[in-house]
Amino acid sequence: MDRVDALTDVTGLRVGHARLAGDGALTGTTVVLAPEGGAVAAVDVRGGGPGTKETDALDPLNLVSRVDAVVLTGGSAYGLDAVSGVMAWLEERGRGVRVGPDPSQVVPVVPAAALFDLGRGGDWRARPDAAVGRAAVEAAAASEPGSPVAQGSVGAGTGAVAGGLRGGVGTASVRLDSGVTVGALVVVNAAGSVVDPLTGVLYGRMLEGRIAYPADPVHEAALERLAAAEAATAERAAGYVRPQLNTTLAVVGTDAALTKAQARKLAGTSHDGLARAVRPVHLMHDGDTVFALSAGGREVPGVDEFNAVLAAGADAVTRAVVRAVVHAEGVDGPGGVFPSYRDLY
């Protein structure tokens with residue numbers, strides 16, 4: 001099967017997005033659906049203000065070894081209601097940890113993390129709920145294996161902002177010489193910036209080698225437009241909170257057969273990809289969280305091979321951040337003015 005340079009290049013992983021409908025709503029949910037039987041999972045939380053669910057279950061010391069889905073959602077802690085819709089969908093299909101003699105007696109394991117986008121559409125009470133979560137998991141289940149993933153202002157990235165710019169969803173993958181695939185899906189919603197203020201270049205692109213720098217007049221005009229957008233947003237109280245509250249979320253997946261401890265290491269080193277692409281990162285007003293999923297059976301025979309998986313996770317995250325920002329679309333609404341990178345450059 002041809003690669004689509006996305007998390008879905010990892011066999012068994014599917015992605016679905018859903019957006020909350022209605023005037024004043026600028027938020028949504030993204031679900032990464034694991035294959036039947038689940039995926040080995042771990043998490044690493046480094047932001048100072050996380051909003052999460054079921055992350056303790058992923059500790060290598062604890063009982064649960066596999067998860068059925070991961071939910072990334074807008075709506076801050078309120079948006080974690082979306083998990084209920086995903087769990088209900090899984091329960092109806094008998095997917096989860098079996099806890100009784102009847103096959104229907106299951107408890108789906110669905111860890112989740114939320115980002116702050118309250119009020120960015122104008123309505124402070126517009127938050128993803130169980131219906132949005134269900135719509136996102138249904139979209140994931142309906143997708144074909146290995147399908148391209150919609151990027152930009154979709155799903156959990158619908159109301160995302162990064163340093164005043166419109167953030168969003170991005171994804172990328174790496175195929176190692178060993179045949180192992182490592183993919184990442186990131187929702188960029190950072191208190192820090194994704195753009196070098198001296199040049200206008202996306203930080204994440206600095207690792208790509210040859211860079212096309214914007215002309216000085218273009219960069220100066222972009223800075224002026226961004227400052228004007230921030231001033232306009234400050235006048236629209238529903239979408240403006242001081243200090244800025246954000247959170248960047250990621251799911252890194254691989255078809256390498258990892259233990260929970262190895263998956264935890266992958267989640268941790270994948271944060272390096274965020275640090276390359278967002279500056280500063282992991283602040284007290286972020287809730288930066290990375291999940292790692294092992295959804296396959298490709299053997300990782302030694303430390304060198306595992307190191308390659310770790311490095312690929314960070315690289316995929318960096319590239320996914322760039323794609324999220326480049327695919328995002330600017331918005332000018334009652335909750336604020338959030339231009340896209342393409343609008344400015």
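Colleague: Where is the place of Pro280?

Modeller: In this predicted model, Pro280 belongs to the loop that runs between helix 4 (260-277) and strand 15. The peptide bond that joins Arg279 to Pro280 is cis, with omega at about -15°.

Colleague: What makes you say that Arg279 lies over the face of Tyr203?

Modeller: Arg279 is placed at 4.4 Å from the ring centre of Tyr203, and the cut-off for a charge over a ring is within 6 Å of the centre and within 35 degrees of the ring normal. A second case is Arg127, whose charged end sits over the ring of Tyr78 at 3.6 Å from its centre.

Colleague: Why is the pair of Phe116 and Trp124 called edge-to-face?

Modeller: The search of the whole structure returns two aromatic pairs. In the pair of Phe116 and Trp124 the ring centres are 6.2 Å apart and the planes stand at 65°; rings pair if their centres lie within 6.5 Å, and planes over 60 degrees apart count as edge-to-face, so the pair takes that name.

Colleague: How do you know that the buried residues of helix 3 line one face of the helix?

Modeller: The buried residues in helix 3 are His219, Ala222, Leu226, Ala229, Ala232 and Thr233. Looking down the helix axis, these buried residues fall within an arc of 145°, so they line one face of helix 3. The face turned away from that buried side carries the exposed residues Asp216, Pro217 and Glu224, while the buried residues pack against strand 11 (165-166), strand 17 (336-338) and helix 6 (341-344).

Colleague: What span does helix 3 reach from its first C-alpha to its last, and what is expected?

Modeller: Helix 3 covers residues 216-234, which is 19 residues, and it reaches 27 Å from first to last C-alpha, close to the 27 Å expected at 1.5 Å a residue.

Colleague: Which residues of helix 1 are buried, and what do they pack against?

Modeller: In helix 1 (residues 82-92) the buried residues are Ala82, Val83, Gly85, Val86, Trp89 and Leu90. Their directions from the axis fall within an arc of 160°, so they too line one face of their helix. The partners they pack against are strand 2, strand 4 (51-53), strand 6, strand 9 (112-114) and helix 2 (130-142).

Colleague: Why does Val251 count as buried?

Modeller: Val251, in strand 14 (residues 249-256), has 0% relative accessibility and therefore counts as buried, given the cut-off of under 20%. Among the residues that Val251 touches are Leu7, Val32, Leu72, Ala184 and Phe291. The C-alpha atoms of Val251 and Val31 are 10.0 Å apart in space, although the two residues are 220 apart in sequence.

Colleague: Which class do Asp5 and Ser76 fall in, buried or partly exposed?

Modeller: Asp5, in the segment before strand 1, has a relative accessible area of 15% and is therefore buried. Ser76, in the loop between strand 6 and helix 1, has 21% and is therefore partly exposed. Asp5 has a positive phi of about 55° although it is not a glycine, and Ser76, also a residue other than glycine, has a positive phi near 50°.

Terms used: Residues numbered from 1 in each chain as written. Predicted model: local features only at pLDDT ≥ 70, side-chain atom pairs only at ≥ 80, totals over all residues. Heavy atoms only, no water. Helix = DSSP H or I, 4+ residues; strand = E, 2+ residues; numbered from the N terminus. Expected span 1.5 Å × (residues − 1). Buried < 20%, exposed > 50% of the residue type's maximum accessible area, 1.4 Å probe, protein only. Arc of directions from axis to C-beta. Contact = heavy atoms within 4.5 Å. Phe/Tyr/Trp six-rings, centres within 6.5 Å; stacked < 30°, edge-to-face > 60°. Lists of a residue's contacts leave out its neighbours within four places in sequence.
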